[in-house]
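Please read this briefing alongside the sequence and the 3D structure.

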Amino acid sequence: MTSQYWICLTCGVRYPQAVHPPPHCPICEDERQYVRPGGQAWTTTAELAATHRNVLQEEEPGVWSIRTEPTFAIGQRAFLVQTPEGNLLCDSVSLVDPETMERIRELGGIRAIAVSHPHYYSSMAAWSAAFGDAPIWIHAGDREWVMEPSRNIHFWTGERADLFGGISLIRSGGHFAGYQVTVWPSGAGGKGVLFAGDQPQVCLDGKWVTFMYSYPNWIPFGPSTVKRIVKSLDGVEFDRLYGAFGRHLVSDAKLVIARSVDRYLRAIAD
Ligand SMILES: [Zn+2]
Ligand SMILES: [Zn+2]
């Protein structure tokens, strides 16, 4: 038996190299994810590479989305943000293969990685190792959820971190204590873009957003948490929002968030 990297089939998070898969996945056992009805299941990096591929797509000048086909785990997407001072990999996917690495190298490589929350940790340690030990920016509030330790993880503290090329990380909390969004002011023709991941979550019609403690188990937040999440974005300039799962707010994102908060608070009021 050889040692392999095990990946949880349900959440896509990679675990340290071992002969046998881990006994369980704490991220899936948490009430913000779920263990599939058939029980915990695993794949390996080799199996994943044999059955899946990554697709890169230019969303706008300087922003490339990276998704895996066929859809894997929760359907994570990452974004490569190109700046004159280097590129940021925002969020992460489980499949790290030579083709994708080559493509990213052509686009300027990866200077740093920033992952919104544990449901997107996937193979972040492998992406870092593949690109010169690029630092992985994770908020210290989510330290306990890192399943594959890496010396390249930089646990930051506080409410805001300024990286390079104008990119900043904002701690929003909510869905996870250390939940972070990424802001790039040069995006959307200089009006600014927000890489939001799961929070706010873009609704199916692409005209509204919502907020949930747990999406798979439909557990909402109370009013004070939603207000706190939105307050963390006060003073942050952006017009476009890139959400998870290929759903985006192309423009007027601030307006959409404001009216969506009103709708949400009305819906949960007595
Ligand atoms: Zn899992
Ligand atoms: Zn999530």
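The points below cover a sheet, a loop residue and a helix.

This is a predicted model, in which local features need pLDDT of at least 70, side-chain atom pairs count only at pLDDT 80 or more, and totals for chains, interfaces and linings use all residues. Residues are numbered from 1 along each chain as its sequence is written, and chains are lettered from A and ligands numbered from 1 in the order in which they are written.

**Sheet**

- Helices (H or I, at least four residues) and strands (E, at least two) are DSSP runs, numbered from the N terminus.
- Seven strands form an open sheet with mixed pairing, in the order β3-β4-β5-β6-β7-β8-β9; two strands pair if DSSP finds at least two bridges between them.
- Because β3 (53-60) and β9 (153-156) are at the edges with a single partner strand each, one side of each has no neighbour in the sheet.
- Strand β8 (residues 136-139) runs parallel to β9 and is joined to β9 by four bridges.
- Within this pair, Trp137 stands opposite His154 in β9.

**Loop residue**

- Gly75 lies in the loop between β4 (63-69) and β5 (77-83).
- Gly75 counts as partly exposed because it has 14 C-beta neighbours inside 10 Å; a residue is buried with 20 or more other C-beta atoms within 10 Å of its own, exposed with 12 or fewer, and partly exposed in between, with C-beta atoms placed from the backbone.

**Helix α6**

- In helix α6 (residues 223-231), the buried residues are Val226, Ile229 and Val230.
- The face turned away from the buried side of α6 carries the exposed residues Ser224, Lys227 and Lys231.
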